[in-house]
Amino acid sequence: MEFYNAVVETALLPKVEETTLQPVAPEYLQVLRWNWRITAVVSLAAMAAAWYFIPFLHSQQWAIILGSGWFVITAFRWLWIAQSFKRKAYAMRQHDIIYRSGWIIQETQVCPFNRIQHCSVSSGLFERRFGLASLSLYTAGTNEADFTVHGLDEATAITIRDFILQKIAPAGNEQS
Amino acid sequence: MNNHKLWQEPQRQSGAALIIILYKAVWQMLRTIWPILLLWIWRKSATGNTDRYQWMALGISVLVLVPALLRFIFFRFYIQNGQLIIKQGAINKKTITLPLDKIQAIHIEQSFLLRLFNAAKVSFDTPGSEKMEARIDAISMEKAAALRAYILDQSAPATIEEGEPQVLQPVPERVVLQPGLKDLLKLSITNNHFEALGLLFGFALSLYDNVRDIISNQLAQWFERLPEEMAQSSAILIITLLLLLVLAAVVISTVRVFLQYFNYKVTQAVKGWKIGGGLINTQQRLVPFNKIQFLSWRANWLRKKINFYILHLNAAGAEDVKKKLQVSIPITNAAFLPVMARPYYEMPDAALPVYGIQKAFVYRRTIIVAIPITVIVGAVLYFILANFFWMSLLLLPYLVFNYWLVYKKFSFKLTADALQINKGKLGVHTILLKWVKVQQVQVQQSLYQQRHQLATIYFITAAGNVVLPYITLKQALQIQNYVLYKIESSNEGWL
């Protein structure tokens, strides 16, 4: 039996950090902003109801505390959405998919295709309105061991999903 | 017994299953309604007015027992087209289909009751089976062993390459580890007694909470006054009580250890580890070698001194599956560790370069965690127990020292095929991870880490995450690129 044990030139390995990433669709910022508006209005209404109906909170002091708390959190979320959106980007390589996200904690996730068990495309109400979708990748084991690429153009999401499904299909069962 | 036909026919559970299911249902019911039951007995003797409680008890019994009976009657299991099929339910019918090649472990368990009937419970684990309750409550022990052997035989991939003459040699099973009485005593004494104390307190509190309405007012008042009385008691009494508590904790730990590890045996079989034992509830587990994602072993300070370790086999699976497969094996001598690690991976060479984490870890944890915790605890103590405010001042040096220990003790070695992490502040905690077991690599950077060219790297496996915190960004990227190369260029199975 012939046995090879070639030296691996680590410096020559493909580098994730040098891969050009594709930003997610600009419309996704609108989706995030709509979600923000809905959350802001619902949380304000819930807080106003709590202030009105719970006698303990029924004072001007509590109105100021709750109102300023709501304002700070809501304003921070607006900022967070804008900043994290700028970082969201992805790339497909021959053997894996890369997704970069986050603002205060930034992360780059890389998932090799040969570790993916299945994948799915989903889209929420606002995503559909803007023709967008999210691609979820599932690996074996815990729920943590998967990630979702948000803000993809619907056609792109489906193309990537089909590409991955083809990659992970058992030999002899590949989709055409 | 191991023929296709037998397993292809839909089968019921053994008669013992009915008793087990009913027993479990009744036990479950009693556990839920025992305060009501106690109240009922109490009221009955006090007033003689029982109608309402009798009806309530009858209603609950029917609600619990009828579904249990239906579960037994409508339960069937069989193997067809390489799949284990479990059908159950009368009104809500449910069919569980498990491809045999996806089954990663089969557990045979014998509780005391099952042993009386020479029956066993069989449960199956597959990756991603979080919400799937695939189990057979009771079949005869002989049948359970035959079913396990049959499924393992069907699901195992052929290891002999095609074209070569196939001469199957039966490989004998080998007992690798069998802790004796002395080892069990060592394990009991060095156990975490705080856990036992916690259990004791938890039990006492829940007991008190449940019976508070029932026990007489005088007794309840005495319980409420207990902290005050304690404060007024002499130091000797308090010390005696504390000593008694410690003694109780040691006794509880010893009982727990003996219940779990009595007659414990680790056997190396052809395809995996067979692990079993227990005093009242006998458990037999089989963890296939290929399902083990990473190994870890620990020893607290005391155990390190007496050369005693607990080895964890971290196998693939969802949360509840992992709990079952996360087998903890007591290792009575460090020399056994390489033996146990060998089927997974040879221990890395001791002469390899050792890397550490960056000192910034201590500064950042101090600023982000230690200082805020100290301020909050200090504020709470200041407003509620002003006399104990000084205690919060000790918290900061303690936490900082803790982080400094983590930084000093954390080291890792990289080989062509694996990662070995050594951590553990006063004791030992070692993790051994083969690169091919990694499913996803994540490089994380906080804003601070970005400014200082640092990063934290996560290796996500089917059995949980392994983390290298606060290493240089350059090192993190090099490791990430190399690990991806190893995963993507290897044909070695990882599940």
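In chain B of this predicted model, Lys423(B) sits opposite His429(B) in β17(B). The two strands involved, β16(B) and β17 (residues 428–434), run antiparallel and are joined by six bridges; strands here are DSSP runs of E, at least two residues, just as helices are runs of H or I, at least four, with numbering from the N terminus. Pairing, for its part, takes at least two DSSP bridges between two strands.

Elsewhere in chain B, three strands make up an open, antiparallel sheet ordered β1-β2-β3. Its edges are β1 (76–80) and β3 (94–99), each of which pairs on one side only. Neighbouring strands in this sheet are turned by 15° against each other on average, direction ignored (axes are lines fitted to C-alpha atoms, for helices over the stretch in contact, and angles run from 0 to 180 degrees between N-to-C directions). β1(B) and β2(B) (residues 83–88) run antiparallel with five bridges, and Gln80(B) stands opposite Gln83(B) there.

As for bookkeeping, residues count from 1 along each chain as its sequence is written, while chains are lettered from A and ligands numbered from 1 in written order. Since the model is predicted, local features need pLDDT of at least 70 and side-chain atom pairs count only at pLDDT 80 or more, whereas totals for chains, interfaces and linings use all residues.
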